[in-house]
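Biologist: I would like to learn how to read contacts, helix packing and salt bridges in a model. Could we go through one case of each?

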Amino acid sequence: MQLFGEHEQVVVCHDRDSGLRAIIAIHDTTLGPSLGGIRMWTYASDEAALTDVLRLSRGMTYKNAVAGLDLGGGKTVVIGDPRHDKRPEMFAALGGFIDTLGGRYLAAEDVGTSTADAVEVATRTRFVTGLPLERGGSGDPSPMTAWGVFCGMRAALAEAGLDGFGDVSVSVQGAGHVGAALARHLLAAGARVTVSDIYADRIAPLVELGADTCDPVEAHSLPVDVYAPCALGAVISPTTIDQLRCRVVAGAANNQLLDAEIGDELHRRGVVYAPDYVINAGGVINIAEELGRPYDAERARASVERIEQNLQNVFATARAEGIGPHRAADRVAEQRIAAARPTRWTVEAARRSG
Ligand code: NAD
């Protein structure tokens, strides 16, 4: 992937007083203002931080486009250890930098940051999303992400010739915010669920509801209909692919494929793959519901349910073009952006239309 050359704007932020060092990358605003989270991470070097923010912001362009949102892709990385280096003043300072972009970038929380950090950002800019419900924001995105994965899984099951969840078996790897909520939806729908996590206390409440458990290292190799990765990335690799015994891979984790070639191989082997950034878009769809109008949880839930249709479109494109769904998803995103270019979004046009 060519990193430079396609990003619209990259801003290096340094605030001496708070110690903030951050990079904001706006990849593409054709469809609308760029939206993406603020990631705080202990990067090995400034180059590593730059590579990450360029890659992540590009990913947000594709995710928002396939989700059908009028939003472009952006991202921020804050350089530092979220457990030891975090100070509220940093996020207030970051808010000041975000404000200078005039609405071309909308921030949200991400790995290493929380709603509390978003509240600090909001002291200096209105261009931040995911504030607590009591502040008019959409709050924790995880429940909507889980609901979206559940709805998307229905499309993936249909693509594999399975009808509904009754008697379908699913291995949910990772019982965190998203995985545990997904397991609950699956159990309620009559699926046979096996959950695994490195922490036993996360599994216990799900076992009480009827879930089985397994060693987390075996989660991908169980003989089940669906393997639902909800913990780590790169779980489909040359090592694991020979161990898969599922018909469908559909879960919340980001970057499930080690690379596009392993996705091609999965496709060749007849395993239905629900592209991660399509099926896990419930969080951003939920955030989009707080933009320009008061947030309404019921309306957001209905919007998140569109993920089933979005996946059906991706699978149809994959079938029509004889490619894997991971490549079809990219194509759907690129076609939507190309079609919107003649009437592309700008801050000025958005201001004129109120
Ligand atoms: P989380 O940290 O709450 O949960 C992850 C869980 O995975 C934890 O319980 C952890 O103990 C477990 N885990 C870690 N390593 C494991 C392993 N080797 N085997 C089994 N379990 C393991 O995170 P989350 O918010 O539930 O997100 C899960 C995944 O979904 C992440 O990849 C995240 O990037 C992605 N995602 C989350 C959201 C969201 O709204 N939270 C949105 C989009 C994508």
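Predicted model: local features only at pLDDT ≥ 70, side-chain atom pairs only at ≥ 80, totals over all residues.

Biologist: Is T61 buried or exposed?

Modeller: T61 has a relative accessible area of 2%. Buried means under 20%, so T61 is buried.

Biologist: How do I read the packing of two helices?

Modeller: Two packed helices are described by the angle between their axes and the distance between the axes. Here α7 (residues 260-268) packs against α12 (residues 325-340) at about 120°, with the axes 8 Å apart. That angle makes α7 oblique to α12. On the α7 side the contact is made by A260, E261, G263, D264 and H267, and on the α12 side by P325, H326 and R327. By class, this contact has two nonpolar, three polar and three charged residues.

Biologist: And salt bridges?

Modeller: Side chains of opposite charge can pair when their charged atoms come close. The whole structure has 23 salt bridges. One of them joins R344 and E8, with the closest N and O atoms 3.6 Å apart. R344 is in the loop between α12 and α13, and E8 in the segment before β1, so the pair ties together parts 336 residues apart in sequence.

Biologist: How exposed are the residues in the salt bridge of E289 and R293?

Modeller: Their N to O distance is 3.1 Å. E289 is buried at 6% relative accessibility, whereas R293 is partly exposed at 42%.

Terms used: Residues numbered from 1 in each chain as written. Heavy atoms only, no water. Buried < 20%, exposed > 50% of the residue type's maximum accessible area, 1.4 Å probe, protein only. Axes fitted to C-alpha atoms, helices over the stretch in contact; angles between N-to-C directions. Helix = DSSP H or I, 4+ residues; strand = E, 2+ residues; numbered from the N terminus. Parallel < 35°, antiparallel > 145°, perpendicular 65-115°, else oblique. Contact = heavy atoms within 4.5 Å. Nonpolar A, V, L, I, M, F, W, Y, C, P; charged D, E, K, R; others polar. Salt bridge = Lys/Arg side-chain N within 4 Å of Asp/Glu carboxyl O.
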